[in-house]
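Subject: Structure for you to look at

Hello,

The structure we talked about is below. My notes on it follow, grouped by topic.

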Amino acid sequence: MMTVTYKELPSIPVLMDEYKNAVKDIVPGVGTKRVAKDNPTTAFEVKGVKVDPNHLAEYASATGFRLTNELPLTYPYVLSFPIVMKLLTAKDSPLNAVGMVHLSNSIEQTRPLTVDDVLDFRVHAENLRPHTKGVLLDVVTVASVDGIDVWTQTSAFLSKGAKLSSSSPFKNLEPTNGRIVDPISFDADTDDAFARVRVTADDIKVYAEASGDKNPIHISGVGAKAFGFPATIAHGMWTAARLVSSLEGLVPAAARFKIEFAKPVTLPGTVAIVAQPAGDKAYPVPSQWNLQARKSSKLDTLHASASIEKL
């Protein structure tokens, strides 16, 4: 097992600067040659991160959460994502960040974080493995308060078409399909949605400002078409946040949230949210919710599958 070495950064990086580094990485003669051989040993940490209430308010407004003293379950993702991107562009990262697909996300929190908590973030990568469509890498982000880990996220990134090096210790592993969410039964002809959410390009521009993620596929029609999309698309973690916010008040304080991303939400569009209680269904908070985001006008089209369960 490889040992990671954490480098402490003075502050959260600027996300768009890290995107620029990712683009440079694929320029011939300039970028780093990536070899999908092993897990990187480079890791980063940022200490003493304080929540800006105004930024929290912008995020809550963009994702449907009420503004309270507690941070939404998905909020630390946008705080820490620039560190993730810095990790993916580090010299020993095995895969090119450009073109990576955010395949799934898993978040565990032992208690809700609050606006008064001072957060320390640690980010490292692990579990390089073959996927049926390429190579998969997990990036793990941990938020701690006063030395106690409170919030842990695992983001799985797929490099489509990539292959493990012939010298990789993982080259003989059975390829995975990357599934982390058990499928739920939903009949588009007979079942109905729990809620419907209309989302426009302007709405996603608001989320882009709040999250800092101004990737052209989300805010530029020309940019989206350059990457093969018919129009701009919503961020996957906007979809994740809207699934969680649709159940606000019904989510356990200590919870595990898992989501798999399927077909992106093309803008403008209406998302049908399917929510089914499971496990211990005792009022007021079931021990588990199974969730889906589907295209409202064509319910057979799945955007994401998710679950929230009590820890």
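Aspartate 146 is exposed, as its relative accessible area of 74% is over the 50% cut-off. Please keep in mind throughout that this is a predicted model. Aspartate 146 sits in the loop between strand E5 (134-145) and strand E6 (148-160). Its phi is near 55°, which is a positive value in a residue other than glycine.

Asparagine 127 also has a positive phi without being a glycine, with a value near 60°. Asparagine 127 belongs to strand E4, residues 118-131. With a relative accessible area of 35%, asparagine 127 is partly exposed.

Which side chains make polar contacts with that of aspartate 138? One is the side chain of asparagine 127, at 3.1 Å. Another is the side chain of arginine 129, at 3.2 Å. Aspartate 138 is part of strand E5. Its relative accessibility is 8%, and aspartate 138 therefore counts as buried, the cut-off being under 20%. Leaving aside neighbours within four places in sequence, aspartate 138 is in contact with His124, Ala125, Glu126, Asn127, Arg129, Thr154, Ser155 and Ala156.

**Cis peptide**

The peptide bond between leucine 267 and proline 268 is cis, with omega at about -10°. Proline 268 lies in the loop that runs between strand E8 (255-261) and strand E9 (269-278).

**Aromatic residues**

A pair of aromatic rings is described by the distance of the centres and the angle of the planes. The count of aromatic pairs here is four. Tyrosine 59 and phenylalanine 65 form a stacked pair, with 6.4 Å from centre to centre and 15° between the planes. Are these two residues, tyrosine 59 and phenylalanine 65, buried or exposed? Both are buried. Tyr59 and Phe65 also belong to one aromatic cluster, together with Tyr75 and Tyr207.

**Second largest pocket**

How much space lies in the second largest pocket? The figure is about 330 Å³. The second largest pocket is lined by 16 residues, and the closest to its centre are Glu70, Leu71, Glu248, Gly249 and Val251. By class, the lining divides into 10 nonpolar, three polar and three charged residues.

**Threonine 32**

Threonine 32 is placed in the loop between helix H1 (15-24) and strand E2 (42-50). The side chain of threonine 32 has a polar contact of 3.5 Å with the side chain of lysine 91. Not counting residues up to four places away in sequence, threonine 32 touches Asp25, Lys91 and Asn96.

**Lysine 47**

Strand E2 holds lysine 47. This lysine 47 is partly exposed, at a relative accessible area of 44%. Apart from neighbours within four places in sequence, the contacts of lysine 47 are Glu8, Leu119 and Asp120. Lysine 47 and aspartate 191 are 144 residues apart along the chain, and their C-alpha atoms are separated by 47 Å.

Glycine 279 is in the loop between E9 and strand E10 (288-295). At 58% relative accessibility, glycine 279 counts as exposed because the cut-off is over 50%. From glycine 279 to threonine 141 there are 138 residues along the chain and 28 Å between the C-alpha atoms.

Alanine 293 is in strand E10. Why does alanine 293 count as buried? Its relative accessible area is 0%, and buried means under 20%. Alanine 293 and alanine 272 are 21 residues apart in sequence, with 5.7 Å between their C-alpha atoms. Leaving out residues up to four places away in sequence, alanine 293 touches Thr239, Leu243, Val271, Ala272, Thr301, Leu302, His303 and Ala304.

Regards

Note on methods. Residues are numbered from 1 along each chain as its sequence is written. This is a predicted model: local features need pLDDT of at least 70, side-chain atom pairs count only at pLDDT 80 or more; totals for chains, interfaces and linings use all residues. Side-chain values use heavy atoms; hydrogens and water are left out. Helices (H or I, at least four residues) and strands (E, at least two) are DSSP runs, numbered from the N terminus. A polar contact is a pair of N or O atoms within 3.5 Å; within protein, one must be able to donate a hydrogen and the other to accept it, and residues adjacent in sequence count only if both atoms are side-chain atoms. Contact means heavy atoms within 4.5 Å. On a 1 Å grid over the protein atoms alone, a cavity is a set of points where a 1.4 Å probe fits but cannot get out, and a pocket is an open set with protein on both sides within 12 Å along at least five of seven lines; lining residues have an atom within 4 Å of a point. Grid points are joined across faces, edges and corners, and a volume is the space filled by probe spheres set on the points. Ala, Val, Leu, Ile, Met, Phe, Trp, Tyr, Cys and Pro count as nonpolar, Asp, Glu, Lys and Arg as charged, and the others, Gly among them, as polar. Rings of Phe, Tyr and Trp (its six-membered ring) pair if their centres lie within 6.5 Å; planes under 30 degrees apart count as stacked, over 60 as edge-to-face and the rest as tilted. Buried means under 20% relative accessible area, exposed over 50%, partly exposed in between (1.4 Å probe, protein chains only).
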